[in-house]
Amino acid sequence: MPGKATRRSAKHNCQGLDTTNRILVSRHICRHRSRGHNQHHTLSSVAKETVASFPANSPILAMFKEAATKLNDRQDRHERLVKLSRDITIESKRIIFLLHSALTKESCENTIQEANERLQKLIKGPIRSIGLELENSPAYLHSRAVTAGFQEYVEARTLCSLMEKKELIQWNEVQKEFTYIIKNEEKDEEKVVTTMIPQLDYMLGVSDLTGELMRRTINCISSGDSDECFHCCQVVRDLYTGYLGLFGVGKELSRKMSTTRANVAKVEAAVYALRVRGGEAPPPLLLPPPMPNDWENHGHHSDDEGFY
């Protein structure tokens with residue numbers, strides 16, 4: 001059987017070569033380990049040696065330097081945008097607190113006027129700076145850096161419009177406010193710069209608005225403004241009904257749906273108590289309780305604790 005003998009000899013020779021190669025590789029590894037006690041070879045040291053061997057005018061080094069410059073510029077721009085977004089978030093929260101402080105109709109007008117002035121300062125200040133930063137850069141590249149500020153601004157802007165005009169400001173109206181005309185005095189030219197606010201950020205801000213409307217409802221009940229309570233309740237219900245019809249918008253909006261539903265339940269419970277139980281009580285029982293001094297000076301105390 002010459003064929004079997006030939007195959008066996010070839011297989012034996014291959015095994016011999018494999019054994020020889022294994023011996024050579026093991027010797028090389030042992031030699032490398034013995035050198036490692038005297039000299040540690042790491043990836044950084046090898047990279048330094050390789051870079052040192054390149055000439056100064058190497059195109060490879062120029063390419064990596066250009067990439068490093070672009071990455072540094074991108075990181076610096078991202079940090080500046082995060083700072084601007086933080087400033088917008090802080091000022092928007094203060095505007096929301098200012099709007100909640102208006103408990104009477106007389107003070108509401110002055111509060112809304114002051115809130116509009118502070119919103120205009122935001123538009124002409126940090127929001128305009130965001131548009132200039134992203135003028136020559138894709139807006140969606142840095143959307144994560146400014147989304148928190150935009151959401152908080154939309155929350156404050158929509159709350160102010162509801163208190164002022166009883167209507168919700170639309171996305172295209174907010175986008176129109178973020179359009180600026182920049183004049184170049186040296187070249188005597190004008191250019192239009194727009195700070196793009198994504199529609200998702202607008203929707204997330206409106207979703208957060210339900211929490212502020214819930215707080216305003218409770219404040220209006222304590223101040224006796226029942227008409228404003230019913231209006232806020234209807235707005236919260238309409239917003240929640242609209243969000244129920246949205247699918248595939250994003251996981252961030254789906255996370256806020258549970259909070260929105262909880263806000264609807266709280267507002268409905270408060271308005272129910274005001275409508276049903278408040279209507280059952282006679283007007284004298286809805287008067288504010290007497291002050292402690294008046295109660296102490298009142299001589300007609302009764303030990304009767306009521307029917308129950």
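Select α4, α6, α8 and α9: each supplies at least two residues of the lining of the largest pocket. Helices are DSSP runs of H or I, at least four residues, and strands are runs of E, at least two, numbered from the N terminus. This is a predicted model, in which local features need pLDDT of at least 70, side-chain atom pairs count only at pLDDT 80 or more, and totals for chains, interfaces and linings use all residues. Residues are numbered from 1 along each chain as its sequence is written, and side-chain values use heavy atoms, without hydrogens and water.

Stay at the pocket. Its lining divides into six nonpolar, five polar and eight charged residues. Here Ala, Val, Leu, Ile, Met, Phe, Trp, Tyr, Cys and Pro count as nonpolar, Asp, Glu, Lys and Arg as charged, and the others, Gly among them, as polar.

Next, the largest nonpolar core. Such a core is a set of buried (under 20% relative accessible area, 1.4 Å probe, protein chains only) Ala, Val, Leu, Ile, Met, Phe, Trp, Tyr and Cys residues joined through side-chain atoms within 4.5 Å. Of its 48 residues, L99, I127, I130, Y153, F178 and L213 touch the most other members. α6 gives the most, with ten residues.

Now pick Y153. Beyond four places in sequence, its contacts (heavy atoms within 4.5 Å) include I88, L119, I127 and F178.

Finish at H142, in the loop between α5 (126-133) and α6 (143-165). H142 is buried, at 2% relative accessible area. Leaving aside neighbours within four places, H142 contacts R74, R77, H78, L81, L134 and S137. Draw the C-alpha distance from H142 to R77: 8.7 Å, across 65 residues of chain.

Note on methods. Buried means under 20% relative accessible area, exposed over 50%, partly exposed in between (1.4 Å probe, protein chains only).
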